Amino acid sequence: MGEPIRDIAIDPTGFDQGGAVPVFKQLYRQIRDQITAGVLRSGTRLPSTRALAADLRLSRTTTIAAFEQLETEGYIETRKGARAKVLPLPFVGGGLVTEPLPRLQDNLSRRGQALVSLRHETGFPGSYFLQPGLPDAASFPFTIWRRLLSKHMRPTAGETFGYHSYGGHQGLREVIAQYMQSSRGVKCQPDQIMITGGAQSAFTLLAHLLVDAGDPVMVEEPGYTGAHGAFGAAGARITPLDVDGRNWNLKTIATVRPKVIYLTPSCQFPLGSTMRIEQRLRLLQLAAEIGAWVIEDDFDSEFRFSGNRVPTLQSQDTDHRTIYVGSFAKTMLPDLRLGFIIFPGEVVRPVRKANFLMGTAAPLVTQAALADFIRNGDFARHTRRMKRLYAARRMLLTGHAQALLGDVMEQLDEGNGLQTTWRFRIPVDDVVVVESALQAGVNVTPLSAHYIHGAPEQGLMIGYAASEEKQIPRALHKLNQVIRQHLG
């Protein structure tokens with residue numbers, strides 16, 4: 001004889017009635033998981049679909065559908081006039097027994113090992129106080145954005161579904177070309193633009209398009225570890241392009257003869273400095289002489305709070321060696337995963353195809369909504385509003401930070417971007433400081449994390465954009481307390 005009929009421990013509060021997954025499938029998953037875990041053993045007879053429906057306050061149609069799915073997959077057996085019975089499964093016996101999983105990291109390639117061991121600061125969920133580089137999501141016009149997404153999520157909305165436009169939505173490429181010409185002086189046409197799933201996707205795509213294993217690539221030091229990771233994963237031999245304050249050491253370029261030079265000239269990451277015009281022109285001259293590609297990462301160009309905006313490298317390049325990378329992570333939201341590349345020439349179909357094959361393309365529906373967002377003037381209005389908001393928050397943060405920390409730290413950045421950068425005046429381990437600050441609910445970044453090759457500077461990157469003004473002084477006081485504890 002089989003097991004007696006028993007109740008099933010189902011959590012009715014776990015059902016999402018309006019969710020994307022049907023309720024019958026949510027019920028099926030809960031019962032299936034109890035069977036595979038050995039909670040419901042072989043031979044156990046289940047309650048009737050009618051009784052279960054009454055107990056869970058679901059329709060009987062829902063419970064019948066869940067049992068039918070379980071029977072189809074071989075978990076239970078149903079017979080007319082009898083209760084459903086759990087069938088024996090070969091891997092279940094008094095509880096699920098699994099073999100210990102192998103350590104994936106022990107089986108990676110050398111490139112994979114290097115990639116996963118690279119330190120990259122991304123912040124932590126739920127702790128946004130003073131997090132660098134994070135825009136203010138609470139001020140984003142979600143009502144407008146939802147309406148635009150809904151407009152393009154209908155079958156009649158146009159060509160926003162399928163695999164046909166992996167180079168980017170035509171309308172979005174057109175408005176980006178217009179915007180970049182008017183706002184940044186970039187010389188481009190829509191056919192030069194490729195839309196990607198964010199700036200990181202752009203770097204990954206470019207690394208595989210431009211670099212063969214062993215090719216020399218120069219990346220700023222200190223610099224953005226995301227770019228370092230993208231080119232390292234492509235097998236590049238990375239050499240540092242040293243940056244000290246406002247000085248980029250260009251002397252080594254002729255010796256290294258890199259295939260690609262990656263840099264952030266408008267707002268150096270992480271130092272926040274701006275490349276001088278004589279160095280820009282010299283860099284472009286050297287790139288032309290050795291045939292190197294220059295990748296200009298203009299990640300924070302919209303938010304400059306000191307002096308006028310400087311022109312892009314791309315707009316000053318007469319030899320067409322500069323590839324421009326931009327994104328909407330700072331001006332809108334990182335979660336949108338929308339970026340773009342402006343190539344020196346037309347993006348032909350085979351190159352667009354690479355965007356699909358590498359998995360670096362962005363959803364067409366999101367692209368179409370963004371095209372409308374820019375075309376309707378919503379993007380410009382949102383950006384103007386955020387500039388005013390961020391300017392006030394930056395002034396508040398730098399004033400309080402200088403008063404609290406000025407004796408032990410000095411500010412390095414020049415008033416650009418969504419974070420400020422500070423260097424310790426005295427010896428202190430910035431990683432230890434950051435770990436202690438996180439325990440206190442403050443999410444800053446160690447400056448040393450952005451040094452890969454040489455001796456690192458010790459300091460902190462402190463954000464302000466995602467913190468309300470009333471939160472900034474309190475968070476800085478907590479950070480000050482943490483720093484003082486580690487001064488010895």
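Close-up 1. By the rule used here, the count comes to 5 cavities of 30 Å³ or more, a cavity being a set of points, on a 1 Å grid over the protein atoms alone, where a 1.4 Å probe fits but cannot get out, with lining residues having an atom within 4 Å of a point. Grid points are joined across faces, edges and corners, and a volume is the space filled by probe spheres set on the points. This is a predicted model, in which local features need pLDDT of at least 70 and side-chain atom pairs count only at pLDDT 80 or more, while totals for chains, interfaces and linings use all residues. Residues are numbered from 1 along each chain as its sequence is written, and side-chain values use heavy atoms, with hydrogens and water left out.

Close-up 2. The largest cavity holds about 160 Å³ of space and is lined by 17 residues, of which D298, S301, E302, S327 and T331 lie nearest its centre. Two or more residues of this lining come from each of α6 and β9 (322-327), where helices (H or I, at least four residues) and strands (E, at least two) are DSSP runs numbered from the N terminus. The lining of the largest cavity divides into 8 nonpolar, 4 polar and 5 charged residues, with Ala, Val, Leu, Ile, Met, Phe, Trp, Tyr, Cys and Pro counted as nonpolar, Asp, Glu, Lys and Arg as charged, and the others, Gly among them, as polar. The second largest cavity has a volume of about 60 Å³, and its lining consists of R184, S266, C267, D300, S301, R304, R309, V310 and N416, that is, 2 nonpolar, 3 polar and 4 charged residues.

**Close-up 3. The largest pocket.** The volume of the largest pocket is about 850 Å³, a pocket being an open set with protein on both sides within 12 Å along at least five of seven lines. Its lining has 37 residues, and the closest to its centre are H120, E121, G133, Y224 and K330. Both α7 (199-210) and α8 (225-233) supply at least two residues of the lining, and α7 gives the most, with 3 residues. By class, 18 nonpolar, 14 polar and 5 charged residues line the largest pocket.

**Close-up 4. Packing of α2 against α3.** Helices α2 (residues 49-56) and α3 (residues 60-72) pack at an angle of about 125°, with their axes 8 Å apart; axes are lines fitted to C-alpha atoms, for helices over the stretch in contact, and angles run from 0 to 180 degrees between N-to-C directions. That angle makes α2 oblique to α3, since angles under 35 degrees count as roughly parallel, over 145 as roughly antiparallel, 65 to 115 as roughly perpendicular and the rest as oblique. T49, R50, L52 and A53 of α2 make the contact with R60, T63, I64 and F67 of α3, contact meaning heavy atoms within 4.5 Å. In the loop between α2 and α3 lies R57, which has a positive phi of about 60° although it is not a glycine.

**Close-up 5. Two cis peptide bonds.** The peptide bond from E221 to P222 is cis, with omega near 0°, and P222 is found in the loop between β4 (216-221) and α8. A cis peptide bond also joins F269 and P270, with omega of about 15°, and P270 is placed in the loop between β7 (260-263) and α10 (277-290).
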